Amino acid sequence: MNSIYDSRMLNLVIFSPLLVAALVMFMPKTEKAQIRGVTLLGMLLNLLTCVWAWTRFVPKSPVEFQMEYRLAWIDELGLSYHIGVDGLAMTLVLLTGVLGPLVVLACWTFIDERVKEFHLALLVLQTALLGAVCSLDVLLFYVFFEAMLIPMYLLIGVWGSEERQMAATKFFLYTLVGSLLMLVALLGVYFIAAPAGQRSFDYATLYNGLMSLNREVAACTAAGDCNNISAGAHALYRWGPLMFIAFSIAFAIKVPMFPVHTWLPDAHVQAPVAGSMILAGVMLKMGTFGFWRFAVPLFPGAARQYQLPISILAVIGIVYGALMCLAQKDIKKLIAYSSVSHLGYCMLGMFAFTGEGATGSAYQMLNHGVSTGALFLLFGFLYERRHARLMADYGGIAKVMPIFTAFFLVVTFSSIAVPGTNGFVGEFLVLLGTFKSNLPMVIGVLATTCVILGAAYMLWMVQKVFFGTVTHQENLGLKDLNRREIIAAIPLLALIAIMGLRPQPFLDMLNPSTERFLARAQYASGKTDATTEDSKVRVMVRQLPAKVAVADAAPAQPPMPRFLPTGRLMPAAAALNPTP
């Protein structure tokens, strides 16, 4: 049983950055150092609340969503402010909290124009990211999902590089189109899942309401006759696959998956280091998290139906991203395309629908946030010194920046999944789960082959940038990492080592979520007993307090006085209004 403090803890986690933003808003624009300092303290406070929530989470608890808080919002629509976390959401909350102060440190000296507005955007974005991960009301998730677009658009469009406006507009339009498709599908689920008068946007109501309909549709599909089913099941049978596709397009754009990935390289290249870190570290996980929490569980039949096409797109993304990396001359664009490849492993493991694949997918979400976030962080330090992105502008950097080189090599080993690093654990589990799944063997073979391509493009980039002779005189004067930059990089290096050498605490946190995800993905597939299956997958959440009827809540009132035909009050009323 959660204490009253636990039930309100997530509110502090989500909205503490917004409270700091309100404080920063009243600070003078000219006080740049104070603005940076207050923002850093606010992000550190947010990190402390995330760590506190992590310590209060019980992985082996039978309760799926912990630290729940629910408050009625718009009763007529069945909309409530409902938050809570399971194991996967809790790890993403911690990842977001860790990246917050590192982002501020990374841009401490790089951003010198509109400093106040920049840090306000960071704080608002932090709240939107945390709110989306913690939301248990689907429309509330949509609100946070959309809210994060505005500060990220500003980060890219205002503080980005030469073609920042093009990249920001492309990012915004891609994501907005996907979000609108998701909204249409969400409204369809809202009307199908429950009858009039009982409708709600709450995740539990939607999922539990679709359970019997999904089972009815699966039974009639197996029998080959779906003419004599209920009206709700018929609507799900007809529109369910289309709604799954709408959800999938919205989340695939966010991941991003091939072929809707083209906004990502431009966004990463043009964004400042803070934008790239947040985008790679957390925001892209909103896509994989959306598949995990909403698209697959709500439409298990459609998810199984489209398992092979989505897995093929995931493998194409893995291969395509790796080949594009080999063709790049721009370092930031290479790291951006590596994200397309690495997140393809997340999607492949998820749609393998095996225990190892799903666990590897969840773990790879965290790995990518740590490793790719660290790559953008370290390259941001180098870019701040040279303002050059091409590999040809460097060479022999190891001779003048030995500490920076050592840090970058560790992160590179993580990115190419060297044993002993976090990347190895995630990719190994994904590949093992893929080979154990019902997917064609060629998919696993292609995904495994691209591990070699990943090592090729990353080591090729390291060789050209860090080793050899110093070919540009400007590089001879480069200074190694200072104290602030070392402090910003060490937490990510520590996570790479801890998650690689001691992954079990993180796996223990993720395993209950993985088991429920698999049970919901295989729901109504005929592989388990219906009663046992229902008990495993049903979403149990805190209910809103029952409404008190007006007749029961209000004391009985005396009857209203009636007027006699003559216009005088009756005696009882006259007694209440004596004449002087």
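Which residue forms a salt bridge with Arg520? Select Glu64: its closest O atom and the closest N of Arg520 are 2.8 Å apart. (A salt bridge here is a side-chain nitrogen of Lys or Arg within 4 Å of a carboxyl oxygen of Asp or Glu.) Arg520 sits in helix 22 and Glu64 in the loop between helix 2 (32-56) and strand 1 (66-74), 456 residues apart.

Before moving on, a note on the model: it is predicted, with local features needing pLDDT of at least 70 and side-chain atom pairs counting only at pLDDT 80 or more, while totals for chains, interfaces and linings use all residues. Residues are numbered from 1 along each chain as its sequence is written, and side-chain values use heavy atoms, leaving out hydrogens and water.

Now colour the pair by accessibility. Arg520 has 4% relative accessibility and counts as buried (under 20% relative accessible area, with exposed over 50% and partly exposed in between, using a 1.4 Å probe and protein chains only). Glu64 is buried too, at 9%.

Next, select Asp86 and Arg293, whose side chains meet in a salt bridge of 2.9 Å, N to O. Asp86 lies in the loop between strand 2 (79-85) and helix 3 (87-106) and Arg293 in helix 12 (residues 285-298), so this pair ties together parts 207 residues apart in sequence. Both residues are buried.

Then try Glu162 and Arg389, with a salt bridge at 3.9 Å, N to O. Here Glu162 is exposed at 62%, whereas Arg389 is buried at 17%.

Finally, show Lys32, Arg36 and Asp112, which are linked in a network of salt bridges. The whole structure holds 13 salt bridges.

Conventions: Helices (H or I, at least four residues) and strands (E, at least two) are DSSP runs, numbered from the N terminus.
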